[in-house]
Amino acid sequence: MSKQYPPILDATCGGRMMWFDKHNPLCLYVDNRKIEETHLCDGRTFSVLPDMMADFTALPFDDNTFYQVVFDPPHLIRVNDDAYLKIKFERLPQAWKDVIHDGFWECMRVLKPYGTLIFKWSEVQISTREVINAIGKEPLFGHRSGKKMNTHWMAYMKLEEVQDDD
């Protein structure tokens, strides 16, 4: 028998900035790093305290585990190591297309059939179109937000796989 998890997975929780309730019991918060409260040079503090540590490209869950997955991967490729944005959002490697592609499909793998994937992307350095092309799947719908309208919220659904009897 497989382990029981909450119905929602945040596969890249970071500081849980998008969550109104940062300790929502309906969600399992996962990240590949843990940062105890860090004091930044401008007086702000930041921490990454996942319920479970895991890499979003190799999630330790069975297929079809969650009803919803939230995917807000790192979106920067150029950022200084000591910059607040690096601490807050992490950095993508040069092979970012493979990482985003593999992470997206891993999130889809752990979704139940007809489950939804909410994908958040900030196109400060990489356009949303480049990301969608790297993934290889168009979203069902989405929305632009933020002061400069460069954050994109996209929704995907995992459809039941149809068996080909031929």
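**Charged pairs, a helix and the core**

A: Arg 33 is buried, since its relative accessible area is 12% and the limit for that class is under 20%. The model in which this is seen is a predicted one. The side chain of Arg 33 meets that of Glu 90 in a salt bridge, with 3.9 Å from N to O. Because Arg 33 sits in the loop between β2 and β3 (35-39), while Glu 90 belongs to the loop between α1 (84-89) and α2, this pair ties together parts that lie 57 residues apart in sequence. Glu 90 is partly exposed, at a relative accessible area of 22%.

The salt bridges number 9, and another of them joins Arg 129 to Glu 138, where the closest N and O atoms are 2.7 Å apart. Here Arg 129 is partly exposed, with a relative accessible area of 41%, and Glu 138 is partly exposed at 49%. Where salt bridges share partners, Asp 31, Arg 33 and Glu 90 are joined into one network.

Within α2, Arg 109 forms a salt bridge with Glu 106, the closest N and O atoms being 2.8 Å apart, and the two residues are 3 places apart, about one turn of the helix. In an α-helix there are 3.6 residues a turn, so residues three or four places apart point the same way. Arg 109 is partly exposed, with a relative accessible area of 23%, whereas Glu 106, at 12%, counts as buried.

The largest nonpolar core has 30 residues, of which Leu 9, Val 69, Leu 117, Phe 119 and Tyr 156 touch the most other members. Two or more residues each come from β2 (27-31), β6 (66-71), α2 (96-110), β7 (111-122), α3 (128-135) and β9 (151-157), and α2 gives the largest share, 6 residues. Apart from this core lies another, of 6 residues, including Ile 8, Trp 19, Cys 27 and Val 70. Val 69, leaving aside residues up to four places away in sequence, touches Cys 107 and Val 110, and its other contacts include Leu 9, Ala 11 and Leu 117.

Key: Residues numbered from 1 in each chain as written. Predicted model: local features only at pLDDT ≥ 70, side-chain atom pairs only at ≥ 80, totals over all residues. Heavy atoms only, no water. Core = buried A, V, L, I, M, F, W, Y, C linked by side-chain atoms within 4.5 Å. Buried < 20%, exposed > 50% of the residue type's maximum accessible area, 1.4 Å probe, protein only. Helix = DSSP H or I, 4+ residues; strand = E, 2+ residues; numbered from the N terminus. Contact = heavy atoms within 4.5 Å. Salt bridge = Lys/Arg side-chain N within 4 Å of Asp/Glu carboxyl O.
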